[in-house]
Amino acid sequence: MKKILKILVVLIAIVIFAFILQFIYTFIRGYSMYKTEIQEVSVKEKLSSIQSMDNFTTIDRVPKIFTDAIISVEDRRFYTHKGIDPLSIVRAVITDIKTHDFTEGGSTITQQIAKNQFFTQNKNVYRKVGEIFVARDIEKEFSKDEILEIYYNTNYYGAGYYGIYDAAMGYYEKQPSELTDYEATIGRAHV
């Protein structure tokens with residue numbers, strides 16, 4: 001019995017050690033992806049260039065209900081986290097384990113900007129780690145309102161429309177500030 005217990009302890013130690021090694025490898029590879037992406041252009045430079053685009057729409061030029069809808073759907077704890085929401089990540093991991101699929105992302109609005117502006121859409125854990133580093137940089141360089149503005153202006157709203165301005169003009173032939181509450185919320189699928 002003691003021999004079986006010893007073997008079991010050794011096996012558990014090996015599994016834990018392998019898990020730790022995998023975690024370290026994942027962290028290093030994700031950090032490497034992050035460093036590669038920001039070598040060409042820094043987070044601040046890339047996102048500042050978005051802010052200087054024609055028709056860049058600031059938060060005061062969209063209906064408040066639109067902002068509330070975005071936060072409600074995409075990232076309920078947006079104003080309380082620093083770019084990464086550990087609760088959402090844990091929920092996503094549990095869901096992915098239950099479904100045996102890598103469908104649940106747990107990404108914050110900040111992480112979505114990181115993914116869409118700096119990485120490919122390929123789903124893998126290394127990219128997720130890279131996103132965390134970029135999200136951290138975004139949160140250091142930009143206010144929460146600026147992050148929302150960047151999200152509004154780069155998000156895909158369907159039918160080939162990227163950004164709130166193009167979507168509002170394309171779907172409703174209106175400036176974003178002219179959207180009705182209905183258009184800003186039901187149109188959330190569009191706008």
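View 1. Gly130 is buried, its relative accessible area being 0% (buried means under 20% relative accessible area, exposed over 50% and partly exposed in between, with a 1.4 Å probe and protein chains only). The model is predicted, so that local features need pLDDT of at least 70 and side-chain atom pairs count only at pLDDT 80 or more, while totals for chains, interfaces and linings use all residues. Residues are numbered from 1 along each chain as its sequence is written, and side-chain values use heavy atoms, with hydrogens and water left out. Gly130 belongs to helix α6, residues 125-141 (helices are DSSP runs of H or I with at least four residues, strands are runs of E with at least two, and both are numbered from the N terminus). When neighbours within four places in sequence are set aside, Gly130 is in contact with Gly30, Tyr34 and Phe119 (contact means heavy atoms within 4.5 Å). Between the C-alpha atoms of Gly130 and Ala114, which are 16 residues apart along the chain, the separation is 8.6 Å.

**View 2. The aromatic pair of Tyr25 and Tyr126.** The structure holds 11 aromatic pairs (rings of Phe, Tyr and Trp, the last by its six-membered ring, pair if their centres lie within 6.5 Å; planes under 30 degrees apart count as stacked, over 60 as edge-to-face and the rest as tilted). One of these is the edge-to-face pair of Tyr25 and Tyr126, with 5.9 Å centre to centre and 90° between the planes. Tyr25 lies in helix α1 (residues 2-40) and Tyr126 in helix α6, so this pair ties together parts 101 residues apart in sequence. Tyr25 is partly exposed at 43% relative accessible area, whereas Tyr126 is buried at 16%.

**View 3. The aromatic pair of Phe27 and Phe133.** The rings are arranged edge-to-face, 5.4 Å centre to centre and with 65° between the planes. Because Phe27 lies in helix α1 and Phe133 in helix α6, the pair ties together parts that are 106 residues apart in sequence. Phe27 counts as partly exposed, at 41% relative accessibility, and Phe133 as buried, at 9%. Phe27 and Phe133 form one aromatic cluster with Tyr31 and Tyr34.

**View 4. Lysine charges over phenylalanine rings.** Lys44 lies over the face of Phe142, at 5.6 Å from the ring centre (a charge sits over a ring if NZ of Lys or CZ of Arg is within 6 Å of the ring centre and within 35 degrees of the ring normal). The charged end of Lys46 sits over the ring of Phe118, at 5.1 Å from its centre.
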